[in-house]
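Subject: Structure for you to look at

Hello,

Here is the structure I promised you. Please open it and keep it beside this message as you read.

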Number of protein chains: 2
Amino acid sequence: MFKKVCIIGCGLIGSSLARAIKKNRLADKIVSSNRSEKLNKKVIELKIVDESDSDTKKIAKMSDLVVIATPLSSYEDVILKIKDSLKSGAILTDVGSVKENVINLVEKNIPKNVSWIPSHPIAGTEESGPESGFSELFKNRWCILTPSKKAKEKDIKLLKTFWEKLGSKVDIMKAKQHDYILSVTSHLPHLIAYNIVKTSLDIQDKKKSSIVKYSAGGLRDFTRIAASNPIMWRDIFIQNKKNTSELIDKFIKSLEDLKKAIESEDGKKLEKIFINTKKIRKDIIEAGQDVKKPDFGRK
Amino acid sequence: MFKKVCIIGCGLIGSSLARAIKKNRLADKIVSSNRSEKLNKKVIELKIVDESDSDTKKIAKMSDLVVIATPLSSYEDVILKIKDSLKSGAILTDVGSVKENVINLVEKNIPKNVSWIPSHPIAGTEESGPESGFSELFKNRWCILTPSKKAKEKDIKLLKTFWEKLGSKVDIMKAKQHDYILSVTSHLPHLIAYNIVKTSLDIQDKKKSSIVKYSAGGLRDFTRIAASNPIMWRDIFIQNKKNTSELIDKFIKSLEDLKKAIESEDGKKLEKIFINTKKIRKDIIEAGQDVKKPDFGRK
């Protein structure tokens, strides 16, 4: 499919992508660039890529597909490094979770004849680093493309096919719409998970062992989400701050409403709310986005 | 261990308990009482109990162990029904998630020679009803006992052994302490899960299909928790309203703090918080309260 693919940043997502490309034979050569020389050595050792070097400019040269898989805050740095070595006719993409800001940042810096088509594979685990990656990560998961205005139609089509060959289902939408939807389905839930763990950490100084011990009652499931990559999430919240901030306000308003109902012992209102929230679970299972099997009782 | 055990309310927990007692041969006879005749028939059909009847007073007679496994709001009704048929020397327990209120309510209504020892098995799934129960539900899970003042030492010991034979680890503590710890580890997390799903439901009228479609980015994991039994949780929040209410305030204060950091793009602060919340996950895994295997990437 491609002669040379260059992945910038071999973390969980970057290394999974390299593994998936190799497994599905979608490139003759896969190279990567990491700031840390230790990481460059490791990805060669693990046979994830054929070549890896901290000199991003040099290693990106002659690539047909370049994938930025670093935290959002380093995009500017990355793009300034590679802009002069991007091959004419190449496709440039990324795997970031926020689109609107970076789409403009990159667009104004790259040569005309490069198709800049941001990707967002909605996949991941709470683990980080190349050792945690695996080739099946993208299978049956959604991948959203938010092509820049100047991206060529044929390249959009090619990148769509590329993700489909890795097992993903692909949707194409505007960056603004992407950022809004993801703020609801992903960014707010993560922020809330961080916050609930933070709240209990503030308390736990007194009761640490008890809180860890009895965490299976619900808190445990939040700590899993709140163990996701700190740098990645720091960048996501800042890059999508308008949507995030508006949603926090809505969330707090709704929580204050629940608090009032509890304090006034308004059982009817609480029951109605909880019956409603139960329904969406059925929709999610029917949409194939989760399995019915309960895992709340897992060890 | 017991001649006759009576379970009042054969839902997920009650029916799991009956199954576990049967499997471990801890009673010669297991009976149950449910308000719905349909349910009484069903539990006989499913061979979960030997006898089942809506006449709670009649069926509780001569039981050595009586377990209240109904929602907290029906305890008063249940206790008024059974108080005159409780056998002298019997043990009375429950499986409820809040203790301080009910301990007093029950204590003042029962005969002297009955040991009232509330239990809280920290186990459950998001499913409800007797079909969802299974005998292994209590295995490797904590069960907290909060004995009333008048409970006999030998009965506390016997009930502890009973739960241990079902596979549980048992802790004994004061009702007040139980309610505080559980408000942090279980009640607040559930309320927050309900609230995040509620917040996204309020939005979804416009974007329903997108929100369900991309829910695997984080929201999905909350909908699982927010699909738990609405009646049970309505009662828990109301019964533990003082602790819940105080925790909501702490949670909102902490969230507003996060919001400020995001709006002022205070990356250092966010990073520090997220690194901290990541640490508690390690403690939980080391305490055997969850497994390390990531499941965020599950289908």
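First, the ground rules. This is a predicted model, in which local features need pLDDT of at least 70, side-chain atom pairs count only at pLDDT 80 or more, and totals for chains, interfaces and linings use all residues. Residues are numbered from 1 along each chain as its sequence is written, while chains are lettered from A and ligands numbered from 1 in the order in which they are written.

**How the chains meet**

Start with the symmetry. Chain A superposes on chain B by a rotation of 180° with 0.0 Å of shift along the axis, and the RMSD is 0.0 Å. That is the relation of a two-fold axis. Look for A:Ile252: of the residues of chain A, its C-alpha comes closest to the rotation axis, at 3.3 Å.

Now the interface. Chain A gives 90 residues to the contact, and chain B gives 90 residues. Two residues are in contact if their C-beta atoms, placed from the backbone, lie within 7 Å. Which helix of chain A supplies the largest share of its side? It is H7(A), with 25 residues. By class, the side of chain A that touches chain B has 46 nonpolar, 22 polar and 22 charged residues. (Ala, Val, Leu, Ile, Met, Phe, Trp, Tyr, Cys and Pro count as nonpolar, Asp, Glu, Lys and Arg as charged, and the others, Gly among them, as polar.) The copies meet through the same surface, because 100% of the interface residues of chain A are also interface residues in chain B.

One helix pair spans the two chains. Helix H11 (267-286) of chain A packs on helix H9 (230-239) of chain B at about 135°, with the axes 9 Å apart. Axes are lines fitted to C-alpha atoms, for helices over the stretch in contact, and angles run from 0 to 180 degrees between N-to-C directions. So H11(A) is oblique to H9(B). (Under 35 degrees counts as roughly parallel, over 145 as roughly antiparallel, 65 to 115 as roughly perpendicular, and the rest as oblique.) Among the residues in this contact are A:Phe274 and B:Trp233.

**The sheets**

Helices (H or I, at least four residues) and strands (E, at least two) are DSSP runs, numbered from the N terminus. Two strands pair if DSSP finds at least two bridges between them.

In chain A, six strands form an open sheet in the order S3-S2-S1-S4-S5-S6, with parallel pairing. S3(A) and S6(A) stand at the edges with a single partner strand each, so one side of each has no neighbour in the sheet. Inside this sheet, S4(A) and S5(A) pair over four bridges. A:Val66 stands opposite A:Leu92 in S5(A).

In chain B, find the open sheet of three strands, S7-S8-S9, where the pairing is mixed. Its edge strands are S7(B) and S9(B). The twist averages 20° from one strand to the next. Helix H6 (153-165) of chain B packs on this sheet and touches S7, S8 and S9.

**A helix pair within chain A**

Last, H4(A) and H5(A) have axes that come within 10 Å and cross at roughly 20°. That makes H4(A) roughly parallel to H5(A). A:Tyr75, A:Glu76 and A:Ile79 meet A:Val102, A:Leu105 and A:Val106 there.

Best wishes

Methods: Least-squares fit on C-alpha atoms with pLDDT ≥ 70 in both.
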